[in-house]
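Subject: Structure handover, aromatic contacts

Hello,

Here is the structure for your files. My notes on its aromatic rings follow below it.

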Amino acid sequence: MRRPMAAFGCATCYGEDAQAVWRGQREGFEHESDVVDGSHFSVDVRRCRDCSQRFVWIFTELVDWMGGDDARHVTVMPLTPAEATGLIAGTLRPLDLGALGRDRRRLDHDWPTGGPAALHWDSGAFRVTEGR
Ligand SMILES: [Zn+2]
């Protein structure tokens, strides 16, 4: 039997309005731990200041060597306490985070090379890549 969708977060950190949630990222979240700290790929764990829900922030940059305008992508996805602990402890690998998308939604922010930024809620498993 399929488990029901887990409940995550509050209206501030996980509300319907993607733009509002994105705008709240700067002040609404407390940085908790760096998991990967690279210039083209970084993963960190943040915590909502209102409800203490933890989120993983995945930043990927794909350098376009021909031009200066690099494609960048950010995914913000909630984690259960056990997942956050595993990610920080190293038992949950960053590249395996994509599988967690199957039972929850995530905020995706895309800056494609040469195009305008796009922001939307997404769901389903996804692929985490290390960027380059
Ligand atoms: Zn919250």
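Two rings of Phe, Tyr or Trp (its six-membered ring) count as a pair if their centres lie within 6.5 Å; planes over 60 degrees apart make the pair edge-to-face. Please keep in mind that this is a predicted model.

By that criterion, the structure contains 6 aromatic pairs. One of them joins Tyr14 and Trp121: the ring centres are 5.4 Å apart and the planes stand at 90 degrees, so this pair is edge-to-face. Is Tyr14 buried or exposed? Its relative accessibility is 11%, and buried means under 20%, so Tyr14 counts as buried.

Another edge-to-face pair is formed by Phe29 and Phe55, with 5.3 Å from centre to centre and 80 degrees between the planes. This pair also links distant parts of the chain: Phe29 lies in strand 1 (residues 29-37) and Phe55 in strand 3 (residues 54-62), 26 residues apart. Phe29 and Phe55 are both buried.

These residues come together in one group: ring pairs connect Phe8, Tyr14, Phe29, Phe55 and Trp121 into a cluster.

There are also charges over rings to look at. Arg46 has its charged end over the ring of Trp57, 3.8 Å from the ring's centre. Arg72 is placed over the face of Trp111, 4.8 Å from the ring centre.

Regards

Conventions:
Residues numbered from 1 in each chain as written. Predicted model: local features only at pLDDT ≥ 70, side-chain atom pairs only at ≥ 80, totals over all residues. Heavy atoms only, no water. Phe/Tyr/Trp six-rings, centres within 6.5 Å; stacked < 30°, edge-to-face > 60°. Buried < 20%, exposed > 50% of the residue type's maximum accessible area, 1.4 Å probe, protein only. Helix = DSSP H or I, 4+ residues; strand = E, 2+ residues; numbered from the N terminus. Lys NZ or Arg CZ within 6 Å of the ring centre and 35° of its normal.
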